[in-house]
Amino acid sequence: MSGSMLQRAETDALTSGLTATSGRTQGVIAPFTGDVLHELPLSTAQDVADATAAARVAQASWWAAGWAHRREVLLRAHDLLLERRELLLDAVQTETGKTRGQAFEEVFNSAAATRYNALAAHRVLRGGPRRGGIPLVLTARVDYRPKGVIGVITPWNYPLSLAIMDIAPALAAGNGVVQKADDQGALSILAARRCFTDAGVPEALWGVVAGDGEEIGNAVVDAGDYVSFTGSTATGTKVAQRAAGRLVPASMELGGKNPMIVLDDVDPEKAAADAAYGCFSAAGQLCVSMERIYVLRGVADRFIPAFAARVASLTLGPDLDYTTDVGSLATKAQLERVMAHIEDAVAKGATVLAGGRARPDIGPYFVEPTVLTDVTSTMQCFAHETFGPVVAITIVDSEAAAIAAANDSEFGLNASVLSGSRTRGLAVARRLKAGSVNVNEGYRATFGSVDAPMGGVKHSGLGRRNGPEGLLRYADATTIATATGLLQLPRTGAEFRTLTPAMLLLLRTLRTVRRR
Ligand code: NAD
């Protein structure tokens with residue numbers, strides 16, 4: 001393995017940023033080696049309450065400091081994310097097992113989300129006048145006020161991106177944050193948080209806690225004024241129900257079984273390379289990566305061999321540099337889940353076109369990128385999210401059949417269309433039921449466009465992150481309207497009798513001139 005793992009002094013310095021007083025720790029395994037990377041201090045439910053109370057106090061001054069102050073601090077945080085990228089890349093790779101290239105995508109995406117929210121927050125949330133209900137008689141305006149403290153719960157797979165895409169807009173909108181980090185991503189999150197605190201975000205404004213998903217997760221859901229959850233559909237459903245019990249709004253970024261359609265006008269080699277990246281980024285442990293490919297019959301005999309050859313040529317390895325294409329799975333549980341899907345499919349008649357094996361010779365949790373065909377509905381990997389490096393290819397006879405098969409899922413997170421024609425690709429994209437659809441890319445076209453909303457339909461989620469939508473969820477819209485006194489509104493039956501004809505005339509006139 002080239003490059004160096006995080007040293008003890010660095011992990012201790014990072015974990016000192018946690019609010020964790022239980023005195024207990026959890027050993028976190030480094031996926032590249034199987035050794036204990038560090039002992040993660042664990043929080044208590046009281047720590048969550050204390051971190052929330054502290055964030056609440058800090059939030060009042062942060063909001064009072066104004067838009068310009070928040071913008072400058074967040075832009076400085078952006079610069080520090082870039083300056084400290086080598087540490088961030090080491091932390092992400094060491095904790096998650098992904099390649100340096102895919103860790104770099106996280107740094108890029110985190111910086112972009114920070115910049116976007118720093119610069120967009122005032123424009124989106126400054127509020128302003130709206131039309132009053134009766135011209136000249138009523139005036140109205142809307143103010144956006146921060147919700148208070150946002151509870152953020154994040155998974156292990158993209159610790160930087162998924163934290164920053166939810167936290168940068170929360171801070172930019174004037175909120176505080178209490179975040180529950182997953183054990184496997186806490187160091188990366190704490191390294192990123194340090195960029196923000198060194199840039200001027202008060203320490204207490206962004207609290208980070210760690211520990212048991214249910215105990216600490218529940219405490220975060222119970223404490224915040226809004227909940228941003230990213231994780232599995234099963235856990236997200238519980239979190240949404242718990243938040244609803246307090247009438248606290250929530251956004252849920254959940255699982256997927258993302259389809260890619262390969263149309264018959266593609267260049268097979270280019271499509272194979274694009275598809276391989278879209279399927280096997282982060283070894284398939286990416287909510288928006290592809291697990292189903294529907295290829296049109298007209299190109300299948302050229303695309304499928306090109307794709308299988310491309311996948312077989314990918315370089316696996318644990319190196320902390322840019323020499324590898326596919327990294328490791330993150331945990332033993334992930335290894336077991338992925339191998340169970342492959343073995344189940346093969347036992348029931350699936351054909352392996354590439355990969356299919358665990359690679360303990362490279363590292364304890366490595367699995368070859370795997371391409372299956374002849375996958376049927378009796379197999380676990382047919383409709384259930386594998387969340388690993390496994391894709392099933394199915395040949396279809398028409399564009400309509402491809403669209404129907406792609407939409408036939410309980411999920412609707414991300415989708416992709418590969419086509420030689422942008423117009424044709426866009427036309428198919430418009431018919432896919434997903435929160436995001438990429439044309440001639442697997443996921444990066446939408447994932448990287450931080451001005452546009454990201455989220456899921458059906459069991460893939462509720463609400464949206466990124467774009468104006470990602471900021472607006474963190475603010476309460478307050479309407480302030482004024483009676484100008486130009487005309488007294490009716491208060492008695494007699495006044496209504498007098499004014500009703502004029503009010504009817506007004507309604508008809510507004511309709512005629514099409515005034516909103
Ligand atoms: P998970 O649901 O097991 O855990 C996610 C987070 O929730 C972790 O921090 C965990 O400790 C915490 N948690 C566990 N139980 C909880 C509870 N009862 N209450 C509150 N919090 C609790 O998911 P995971 O295995 O860490 O992540 C993989 C899943 O996340 C996949 O399904 C993937 O598709 C999904 N995901 C979705 C997105 C997206 O943006 N839509 C992004 C990344 C991952």
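# Chatting through a predicted model

Biologist: Let's start with Asn440: what relative accessibility does Asn440 have?

Modeller: Asn440 has a relative accessibility of 26%, so Asn440 counts as partly exposed. Buried means under 20% relative accessible area, exposed means over 50%, and partly exposed is in between, with a 1.4 Å probe and protein chains only.

Biologist: What should I know about the model and the numbering?

Modeller: This is a predicted model, in which local features need pLDDT of at least 70 and side-chain atom pairs count only at pLDDT 80 or more, while totals for chains, interfaces and linings use all residues. Residues are numbered from 1 along each chain as its sequence is written, and side-chain values use heavy atoms, leaving out hydrogens and water.

Biologist: Thanks! Where is Asn440 found?

Modeller: Asn440 is in the loop between β17 (436-439) and α16 (444-447). Helices (H or I, at least four residues) and strands (E, at least two) are DSSP runs, numbered from the N terminus.

Biologist: And what is phi of Asn440?

Modeller: Phi of Asn440 is near 60 degrees, which is positive in a residue other than glycine. Leu247 is not a glycine either, and has a positive phi of about 55 degrees.

Biologist: Where is the place of Leu247, then? Does Leu247 count as buried or exposed?

Modeller: Leu247 sits in the loop between α9 (233-245) and β9 (250-253). Leu247 has 79% relative accessibility, so Leu247 counts as exposed.

Biologist: Switching to aromatics: how many aromatic pairs does a search of the whole structure find?

Modeller: The search finds 10 aromatic pairs. Trp63 and Trp67 have ring centres 5.6 Å apart and planes at 85 degrees, so that pair is edge-to-face. By definition, rings of Phe, Tyr and Trp (its six-membered ring) pair if their centres lie within 6.5 Å; planes under 30 degrees apart count as stacked, over 60 as edge-to-face and the rest as tilted.

Biologist: What angle is there between the planes of Trp156 and Phe387?

Modeller: The planes of Trp156 and Phe387 are at 75 degrees, with 5.6 Å centre to centre, and this pair is edge-to-face. The pair links distant parts of the chain, 231 residues apart: Trp156 is in the loop between β5 (149-153) and α6 (159-172), and Phe387 is in the loop between α13 (380-383) and β14 (390-396). Both Trp156 and Phe387 are buried.

Biologist: Which residues do ring pairs link into a cluster?

Modeller: The cluster consists of Tyr158, Tyr277, Tyr443 and Phe447. Tyr158 also has Lys98 over its face, at 3.2 Å from the ring centre. Over the face of Trp67 lies Arg70, at 4.6 Å from the ring centre. A charge sits over a ring if NZ of Lys or CZ of Arg is within 6 Å of the ring centre and within 35 degrees of the ring normal.

Biologist: How many residues does the largest nonpolar core have?

Modeller: That core has 74 residues, and Phe196 and Trp206 are among those with the most contacts inside it. A nonpolar core is a set of buried Ala, Val, Leu, Ile, Met, Phe, Trp, Tyr and Cys residues joined through side-chain atoms within 4.5 Å. A second, separate core has 46 residues, including Val338 and Met379.

Biologist: Which residues does Phe196 touch?

Modeller: Not counting residues up to four places away in sequence, Phe196 touches Leu74, Ala77, Leu81, Thr114, Ile164, Leu171, Val201 and Trp206. Contact here means heavy atoms within 4.5 Å.

Biologist: On to the strands: what order does the open sheet of 6 strands have?

Modeller: The order is β7-β6-β5-β8-β9-β19, with mixed pairing. Its edge strands, each pairing on one side only, are β7 (206-210) and β19 (461-462). Two strands pair if DSSP finds at least two bridges between them. Strand β6 (residues 176-181) pairs with β7 in the parallel sense over 5 bridges, and Val178 stands opposite Gly207 in β7.

Biologist: How do β1 and β2 run?

Modeller: Strands β1 (residues 25-29) and β2 (residues 36-41) run antiparallel, joined by 5 bridges. They form a hairpin with 6 residues between them, and Gly34 in the turn has a positive phi of about 85 degrees.
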